[in-house]
Amino acid sequence: AHTLLETVFGAVIFHRGGYPYESAAQTASKPRRQVTTARYHASGLLAMAALGGLVLAGNHAGGDSEVGRVASRVLLAFHGLCATSAAVEYVTSRGGGDFKRLLLNPHVLLSAAFGAHVGGWF
């Protein structure tokens, strides 16, 4: 599911130069630099999807595979840093952010899942 999610969102963001929650008009009116930044983000998502695909194709997804454990560490780092970024944004908003939205951020949830895998909980 993770690999498919990263592939779909990465492809959509890369193609549009914007995010799925943005209207076409919002994306079209963005400065070129923001479009480029969105495509950088999409490239990272597509790279993570490729890593996941390689792990799955090589049957390394189980907890007994060193390749699977290394991939989980990489994915934990990626999603953990994205979750940290969301948390910093929430804290610096001085309560203006939505805590529930922070907790339900996909990067927070995925970093928890990959952390559990790295920790050997499944």
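Which residues are buried in H6?

**Entry 1. Ground rules.** I noted that this is a predicted model, in which local features need pLDDT of at least 70, side-chain atom pairs count only at pLDDT 80 or more, and totals for chains, interfaces and linings use all residues. Residues are numbered from 1 along each chain as its sequence is written, and side-chain values use heavy atoms, with hydrogens and water left out. Helices (H or I, at least four residues) are DSSP runs, numbered from the N terminus.

**Entry 2. Helix H6.** I found His-107, Leu-110, Ser-111, Phe-114, Ala-116 and His-117 to be buried in H6; buried means under 20% relative accessible area, with a 1.4 Å probe and protein chains only. These buried residues pack against helix H1 (2-16), helix H3 (32-57) and H4. H6 has 13 residues and reaches 18 Å from its first C-alpha to its last, close to the 18 Å expected at 1.5 Å a residue. The expected span is 1.5 Å times one less than the number of residues.

**Entry 3. H4 with H6.** I next looked up how H4 (residues 66-92) lies against H6 (residues 106-118): their axes come within 8 Å and cross at roughly 150°. Axes are lines fitted to C-alpha atoms over the stretch in contact, and angles run from 0 to 180 degrees between N-to-C directions. H4 and H6 are therefore roughly antiparallel to each other (an angle over 145 degrees). Their crossing is left-handed, that is, the near helix is turned anticlockwise from the far one by less than a right angle. On the H4 side, the residues that meet H6 include Arg-73, Phe-78 and Cys-82, and their H6 partners include Val-108, Leu-110 and Phe-114; contact means heavy atoms within 4.5 Å. The residues of this contact divide into 9 nonpolar, 8 polar and 1 charged. Ala, Val, Leu, Ile, Met, Phe, Trp, Tyr, Cys and Pro count as nonpolar, Asp, Glu, Lys and Arg as charged, and the others, Gly among them, as polar.

**Entry 4. H3 with H4.** I recorded an angle of about 165° for H3 and H4, with their axes 10 Å apart. H3 and H4 are therefore roughly antiparallel to each other, and their crossing is left-handed. Leu-45, Met-48, Leu-51 and Val-55 of H3 make the contact with Val-67, Gly-68, Ala-71, Val-74, Leu-75 and Phe-78 of H4. The residues of the contact of H3 with H4 divide into 9 nonpolar, 1 polar and no charged.

**Entry 5. Val-91.** I placed Val-91 in helix H4. Val-91 counts as exposed, at 59% relative accessibility (exposed means over 50%).

Key. Helices (H or I, at least four residues) and strands (E, at least two) are DSSP runs, numbered from the N terminus. Angles under 35 degrees count as roughly parallel, over 145 as roughly antiparallel, 65 to 115 as roughly perpendicular and the rest as oblique.
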